[in-house]
Amino acid sequence: MCVDLTLFPLDTIKTRLQSQQGFYKAGGFRGIYAGVPSAAVGSFPNAAAFFVTYDYTKSLLGAGGALAAPHAAPVTHMLAASLGEIVACLIRVPTEVVKQRTQATPSSTTYQTLLATLREEGVRGLYRGYRSTVLRETLWSRRQGHTLYSWQAAVCGAFAGAVAAFVTTPLDVAKTRIMLAKAGSTAASGNIPLVLYDVWKNRGLTGLFAGSVPRITFISVGGFIFLGAYEKVRRTML
């Protein structure tokens, strides 16, 4: 929650850079905290869902069988993290949809955006972009395959997060376009290759990597704080 709220302005800038109408038409630097209530409400259960699933799956896979061997630890961590992201996205995607739509339309409040989405598209509209979000998250969810001290977890989280954030930016652009698209439009169908092709055709490589700088900054700094604090608190409690 601290990471999401502290670095929220970076997330808003990234969303507006990736939006179809462009950075300034989407609000520019105005209302930089638009959509923050959605992020605040979803942050805790989202993180909790990920780590509960991640730790339980990791323990289950490591309890016996081929995946219990030390050399299989990276695979165990990857599978556990991927499943954790799939479960967490059930909470993350609805809050992300409301948050991003409010960020791209700062004149609307979070509550107004939520009501408008439910009125026009129903609950299904809150899960617009679920597939692209899951794909994006599972591609960068690999973790270090052995026990780390808190400072090692923080450094690894920052470095791995920065690299993965850049590589998966096109998927993040697709996710943003799908979530912000008007109901009934081509992008709203959730066809990721088609959305990416449209971005490439209209804005080229620059469009595919729009918002990469604030995204890399958010995830690397956030990863440092998040993973470092998580490991430290977990070890202290246990």
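In the predicted model, Tyr33 counts as partly exposed, since its relative accessibility of 42% falls between the limit of under 20% for buried residues and that of over 50% for exposed ones. Phe8, by contrast, has a relative accessible area of 1% and is therefore buried. Because Phe8 is part of helix H2 (residues 8-18) whereas Tyr33 sits in the loop between H2 and H3, the pair ties together parts that lie 25 residues apart in sequence.

A further aromatic pair is formed by Phe51 and Tyr54, whose ring centres are 6.3 Å apart and whose planes stand at 90°, so that this pair is edge-to-face. Both residues lie in helix H3, where they are 3 residues apart, or about one turn of the helix, and both are buried. Elsewhere, ring pairs link Phe23, Tyr24 and Phe29 into a cluster.

Helix H3 also holds Ser38, which counts as buried because its relative accessibility is 7%. When neighbours within four places in sequence are left aside, Ser38 is in contact with Thr95, Val98, Lys99 and Thr110. One of these contacts, Thr110, is itself among the buried residues of helix H5.

The geometry of helix H5 can be checked against its length. H5 comprises the 12 residues 110-121, and at 1.5 Å a residue it should span 16 Å; the C-alpha atoms at its ends are 16 Å apart, which agrees with that expectation. Its buried residues are Thr110, Thr113, Ala116 and Thr117. Because these residues cover an arc of only 125° around the axis, they are placed on the same side of H5. On the other side of the helix, Tyr111 and Arg119 are exposed. After H5 comes Gly122, which has a positive phi, near 75°.

Definitions and conventions: Residues numbered from 1 in each chain as written. Predicted model: local features only at pLDDT ≥ 70, side-chain atom pairs only at ≥ 80, totals over all residues. Heavy atoms only, no water. Helix = DSSP H or I, 4+ residues; strand = E, 2+ residues; numbered from the N terminus. Expected span 1.5 Å × (residues − 1). Buried < 20%, exposed > 50% of the residue type's maximum accessible area, 1.4 Å probe, protein only. Arc of directions from axis to C-beta. Phe/Tyr/Trp six-rings, centres within 6.5 Å; stacked < 30°, edge-to-face > 60°. Contact = heavy atoms within 4.5 Å.
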